[in-house]
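Here is a brief report on the fold of one chain and its contact with another. Have the sequence and the 3D view open as you read.

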Amino acid sequence: MTSVDTVQNAAQHPDDEQPWAELGLKADEYARIREILGRRPTTAELAMYSVMWSEHCSYKSSKVHLRQFGDLPKSDALLVGIGENAGVVDVGEGYAVTFKVESHNHPSYVEPYQGAATGVGGIVRDILTMGARPIAVMDSLRFGRADAPDTARVLPGVVAGVGGYGNCLGLPNIGGELLFDECYTGNPLVNALCVGVMKHDDVHLAKAEGVGNKVILFGARTGGDGIGGVSVLASETFDAEGPAKRAPAVQVGDPFTEKLLIEACLELFAQDLVTGIQDLGGAGLSCATSELASAGTGGMHVDLETVPLRDSTLTPAEILMSESQERMCAIVEPGKVEQFLAVCRKWDVRAAVIGEVTDGDRLTVDWHGERIVDVPPRTVAHEGPVYERPMQRPADLDALRADDAGKLPRPGTPAEIQAHWLAVVSSPDGADKSWVTEQYDRYVRGNTVLAQPEDAGVIRIDEDSHRGIALSLDGNARFARLDPYTGAQLNLAEAYRNVAATGATPLAVTNCLNFGSPENPEVMWQFAEAVRGLADGCRALGLPVTGGNVSLYNQTGDVAINPTPVIGVLGVHEDVRARIPSGWRTAGETVLLLGETRPEFGGSAWAGVVHGHLGGQPPAVDLAAERALAELLAALGRDGLAGSAHDLADGGLAQALTESALRYGVGARLALHGDAFTALFSESAARVVVTTTEPDRVRNIARAAGVPVTELGTTGGGSLVVDGVLELPLAELRAAWSATLPALFGGPEHGTALTVPAGTVPTS
Amino acid sequence: MRIGVITFPGSLDDVDAARAVRLAGGDPVSLWHGEHDLKDVDAVVLPGGFSYGDYLRAGAIAARSPLMQDVVAAAKGGLPVLGICNGFQVLCEAGLLPGALTRNSHLHFRNRDQLLRVERADTAWTGDYADGQEILVPVKNGEGRYVGSEADLDRLEGEGRVVFRYVGGNPNGSSRDIAGVTSENGRVVGLMPHPEHAVEDLTGPSTDGLGFFTSILKAVVAA
């Protein structure tokens, strides 16, 4: 043990140089820390502030905009709102559901398998922390061009990581997205969603209450992984031999430990042994202790040498910063500590009392009896810097919007229409995603009613009453690039429509906002517009935002990604047996198009795939029409009038017909009214294709709801036939649709290069 | 009828196995890996999952857990045992079933709905099926490739101990399309696919898996 920078030392040597800039702090931020403490921070304090005041933890650039979500009208369904680990929604019968989506973009680029795996692990712990049993996951993935060499490096690892972790936890993966665009070449997006269920009374919050209550750290031991920039400090403070060689900045996941942690936590909750709980994610113990103390009424003291380590050479600052996975921090009454530890022992989960709740309002940390941290916790966790960053409408936006996709050359002959159709559905974005989704367990726990490739995932939450939930995750960045306000609303509308298409009633919204650098005023403008669009959209649809995540600095060099607001919508099914699937199962059903088609091609899959074009205006948003359509679909579900329902989005009617026909191999004979090209490739919003045996009843209900209905034809046969336009045998269509991803990423029957380090990862 | 379902650390499909027992009309009994207590059950199911995170080898550590010692002894005395997926791996590691499960030939985890042909309808767990019947159940694994020496596989085939074969595509490269095998006395059965995920129309690709659980209830009554 050598010179540890103590509070006393900091007071005595106020002018010691500190590496605040290397840790990412600005000069005024460092000055503010000195002002808060009335002295220079210790090395450990500096580490805590630097990481907690980072963009990732403090939301310092986004906060001023995100307030709009909190200002939405109160929703009766919202039990816990923004600010906790995840929002909680009442879904009826005493059940509460918590769900959240989070990014793990940068780690997944550096180390695809572990980055994606720990992304799943982190969001699952957020859900668990609320007191809920995690019941399903989803993933929204974006990569560079599908044929780019680096995509072949990143994608298989990410998919294996999402699957490897989620499968091993026993969580069904019920849906998500996989999209490709050049803008993600050096910055893929990996957004993971988890949903959990509990009874109302089981909701747990992250706060430290009750003087004398013990602070228990449990789960994996703390190691050197994920420390990142804090290694700057190691060289300053420690050890004559110099800094130890540190593990990489990307954390390494152990889903087996997390599975045990889940079961242990649920047993601890059930036995009422926990008064407050927080998971350890970004910023590790710094974040958990300061947030718990900040949200509580008292202070907290931690004896840092009691933290179980897997690397005994870690410095105190490193222990505070470590992002080792699979750890939780609980506040436990002294009389319940023994019982708490017994539950942990049963599940082979390591646990240690590391401190206690104190009176007063300080967070103090000792290292072998010497005080190394003494701070007001709110200043670390909740009162970080807030920036109103400059904003500027992108200079290229007018030219981009003027570049109307409606002027692109259109297919003129039936043969050309067929060629464009096949091009869209066999493009990497439109093609069959089985190569990915077969690597995910969708059956575990036995409550999966619908999973990918359905419009939304549907999970039963009560086996007796058949109550369930539906979830969809959507984010079209092409629309958002053209108009972030409208694009965010279109994404919201799509997720909302996808949930409604299963017959569910939409209830609440979460989001993951992936953008470029906030220091670029044009990116900041995109961000602000998207948040405003989403908030206005939620208001129009009557839905609360329950929480979310912001990921900034997504760019390659100076080039930002297209603004990518990924929106998750949760819906409720009173009886999941009435769910509406997306595929055609039965011949002889009437195919109806609900909603209105306009010539809208800006940002469409057709423009992108056929012409490599992104320009013009995105489709118009009509949230009143979305609402009417959703209510109509709920009614059709309730009355059992729809044999299938499939949302129209990317690729328009051509894509939807393809997917519905290929789901169970049932074709259709259809006739289009008006311009076949517009009918097939427009991406007008607020549209769904349904099939029914009772078209007259559907028409009547739709008329009452104010939703336009167009009859397209009848299901049946082994082909998709569009009168006078094309006749596509399903076998041919399937061959085109399903060949793309296996051809790009290794056919399922051909072994591909292993991206997972042998022996590190469970595989069965 | 009491059917035990063992939970090891890392078991995942234990809730599904218990549900399948219940839907078939039996009483599922939770068994804990760390206790020497079979709770007087009439049969035992080893469920799917990742016991001990598949560390060392899939099923290797669970096969040495306290309760498995009791299972091995009871199985030798005729207790019916069904191992599903990871449970099958545990049974092979425990020496109750021959062969081994290795990494899928394509190296990916694969989850799909899979046709199986029932090769033996006279084991304790397959009495409600007919010889040659095809059933549709999910398969989901990363280490499901059944392997053995040619001589051992010949012997198994000769003794009629292959209970299920993959039909319409082999999802993991298993030798001779073998999906499941049985013990000499037909009381212990292991397979990689998941019959417990095909017990309700609402959640499964079929209800073909229910037959495992109705079969065992009849087999126990008959014994």
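Two strands count as paired if DSSP finds at least two bridges between them. Keep in mind that this is a predicted model.

By that rule, strand E9 (residues 299-303) and strand E12 (residues 363-367) of chain A pair in the parallel sense, over four bridges. Within E12(A), Asp366(A) stands opposite Asp303(A).

Both strands belong to an open sheet of seven strands in chain A, ordered E8-E10-E7-E11-E9-E12-E13. The pairing in this sheet is mixed. Which strands stand at the edges? They are strand E8 (276-279) and strand E13 (370-375) of chain A. Each has a single partner strand, so one side of each is left without a neighbour in the sheet. On average, neighbouring strands of the sheet are turned by 20° against each other, direction ignored.

Now the whole of chain A. Its secondary structure comes to 27 helices and 28 strands. A compact globule of 764 residues would have a radius of gyration near 27 Å; chain A has 27 Å, which agrees. The C-alpha trace spans about 85 × 55 × 50 Å along its principal axes. Buried residues make up 62% of the chain. Of the contacts in chain A with a separation of 6 or more, 85% join residues 24 or more positions apart.

Chain A also touches chain B. The contact takes 32 residues from chain A and 34 residues from chain B. These elements of chain B give two or more residues to its side:

| Element of chain B | Residues |
|---|---|
| helix H1 | 14-24 |
| helix H3 | 86-93 |
| strand E6 | 110-118 |
| strand E7 | 134-141 |

By class, the chain B side has 10 nonpolar, 15 polar and nine charged residues.

Technical notes: Residues are numbered from 1 along each chain as its sequence is written. Chains are lettered from A and ligands numbered from 1 in the order in which they are written. This is a predicted model: local features need pLDDT of at least 70, side-chain atom pairs count only at pLDDT 80 or more; totals for chains, interfaces and linings use all residues. The radius of gyration is taken over C-alpha atoms; the globule rule is 2.2 Å times the number of residues to the power 0.38. A residue is buried if 20 or more other C-beta atoms lie within 10 Å of its own, exposed if 12 or fewer, and partly exposed in between; C-beta atoms are placed from the backbone. Two residues are in contact if their C-beta atoms, placed from the backbone, lie within 7 Å. Ala, Val, Leu, Ile, Met, Phe, Trp, Tyr, Cys and Pro count as nonpolar, Asp, Glu, Lys and Arg as charged, and the others, Gly among them, as polar. Axes are lines fitted to C-alpha atoms, for helices over the stretch in contact, and angles run from 0 to 180 degrees between N-to-C directions.
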